[in-house]
Amino acid sequence: MTNQPSPRVRRSVSLAALVIASGLSVPLLPGVAVAATSAPVTASSRHHDARVLDLPAGLRPEGITARHDTLYVSSLADGRILAVDRRSGHTRVLLPGQTGRALRGLQIDGRTGLLYAAGNRGATAIVLALDHRTGHIVREWTVPGAGFLNDLVITKKAVWVTDSRVDRLLRIPLGRGGHPQAGDPSLLPLVGAWPVPDPAAIRANGIRALPDGRLLLDHSSAGGLWAVSPSDGRVTPVPVTGGPAIIGGDGLELDGHRLWIVRGTGQRSVSELRLDVHHGRATARWVRDLTDASLDVPSTAVLSGGRLWAVNARFGVADPATAPYWITGLVLR
């Protein structure tokens, strides 16, 4: 393992953060779906007690997950995975980088301690399962024909991965105790009401499991929330009432009835909704947008230690190879 110097743990309101909060638009990278710029952060909506954990410059972070006091962050730059102590901000390299590799979605299976990561190595789509303590890769799957493996969720019997440019989900079967089974992953096409407004755009992005066994997706280009049957791939819309429309969305986080959509309504916010599932019907009600001056095009978020930790991907920054990056820990009231 390679140790990084301990970064600063800083409060969210700084001169640079105030510039971010001024409402200036952010140029976007080609092919990256990002919702329209949110309204400027106001004093009443800013979380003055948000914590900011610095990440290495040039990391280009994308995915985040957590176990106990440790946050795990993936890199688009070289497929590194960092382990970050959310109390001290100390950062270490769990999985070293590799030229040509990019990793996006992350989640840990609490039963086995395996950390799953989705992404690509060059033009080849991959899913990795690694030991969350040592970084040792226990299993690797390659997925021929995948367009853009993005986010993932772990259920009792499978790991499900969104393929954001091919309208299907990847399923990796899990056996007793959550251990990966032998054999290749299977593919589940999305059918029914699933919209495809632009075949080249990012579509299925964040994914979480509903209590009735279905899967919940957000749609980065058409917007909205969508429920998917894991047996036949049939998609139905999830009505959202109150507040602004869900016009985009990247990562999802779900805790009971509380659902968070990263960039659901703007580039510098996380939307909080109340989700209800009754008799096979899922509905959601908009509660609020979580904002902070330090949010700069967040990509994914994870709930840990009473905060929602959002990793700032900063898509569209002028020089991503040298740009600073950080995690914002939002207080949930």
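1. Aromatic pairs. In this predicted model, the structure holds 2 aromatic pairs. One of them joins Tyr-116 and Trp-141, whose rings are stacked, with 6.3 Å from centre to centre and 20° between the planes. Because Tyr-116 belongs to strand S9 (residues 114-121) and Trp-141 to strand S11 (residues 137-143), this pair ties together parts that are 25 residues apart in sequence. Tyr-116 is buried, with a relative accessible area of 0%, and Trp-141 is buried as well, with a relative accessible area of 4%.

2. The tryptophan pair. Trp-194 and Trp-226 form an aromatic pair of the edge-to-face kind, in which the centres are 5.8 Å apart and the planes stand at 80° to each other. Trp-194 lies in the loop between strand S16 (191-192) and S17, while Trp-226 lies in strand S19 (residues 225-228), so the pair ties together parts that are 32 residues apart in sequence. Both Trp-194 and Trp-226 are buried.

3. An open sheet of 4 strands runs in the order S12-S13-S14-S15, and its pairing is antiparallel. Its edge strands are S12 (149-154) and S15 (186-189), each of which pairs on one side only. From one strand to the next, the twist averages 25°. Strand S14 (residues 168-173) is joined to S15 in the antiparallel sense over 4 bridges, and Arg-171 has Ser-186, in S15, as its bridge partner.

4. The sheet of 5 strands. A further open sheet has 5 strands in the order S21-S25-S24-S23-S22, with mixed pairing. Strand S21 (240-241) and S22 each have a single partner strand, so one side of each is left without a neighbour in the sheet. S22 pairs with strand S23 (residues 258-262) in the antiparallel sense, over 4 bridges, and Leu-252 stands opposite Ile-261 in S23. As background, strands of a sheet pair through backbone hydrogen bonds, either parallel or antiparallel.

5. The second largest pocket. This pocket holds about 340 Å³ of space, and its lining is made of 14 residues, of which Gln-107, Ile-108, Arg-208, Glu-253 and Leu-254 lie nearest its centre. The elements that give two or more residues to this lining are strand S4 (61-67), strand S8 (101-109), S12, strand S17 (204-209), strand S22 (252-255) and strand S26 (298-304). Which element gives the most to the lining of the second largest pocket? That element is S8, with 3 residues. Sorted by class, the lining of the pocket has 8 nonpolar, 3 polar and 3 charged residues.

6. The second largest cavity. There are 4 cavities of 30 Å³ or more, and the second largest cavity has a volume of about 50 Å³. Its lining consists of Gly-63, Ile-64, Gly-105, Leu-106, Asp-151, Arg-208, Gly-251, Leu-252, Thr-300 and Ala-301. S4, S8 and S26 are the elements that give two or more residues to the lining of this cavity. By class, the cavity lining has 4 nonpolar, 4 polar and 2 charged residues.

Methods. Residues numbered from 1 in each chain as written. Predicted model: local features only at pLDDT ≥ 70, side-chain atom pairs only at ≥ 80, totals over all residues. Heavy atoms only, no water. Pairing = 2+ DSSP bridges. Axes fitted to C-alpha atoms, helices over the stretch in contact; angles between N-to-C directions. 1 Å grid on protein atoms, 1.4 Å probe; cavity = no way out; pocket = protein on both sides within 12 Å on 5 of 7 lines; lining within 4 Å. Points joined across faces, edges and corners; volume = space filled by probe spheres on them. Nonpolar A, V, L, I, M, F, W, Y, C, P; charged D, E, K, R; others polar. Phe/Tyr/Trp six-rings, centres within 6.5 Å; stacked < 30°, edge-to-face > 60°. Buried < 20%, exposed > 50% of the residue type's maximum accessible area, 1.4 Å probe, protein only.
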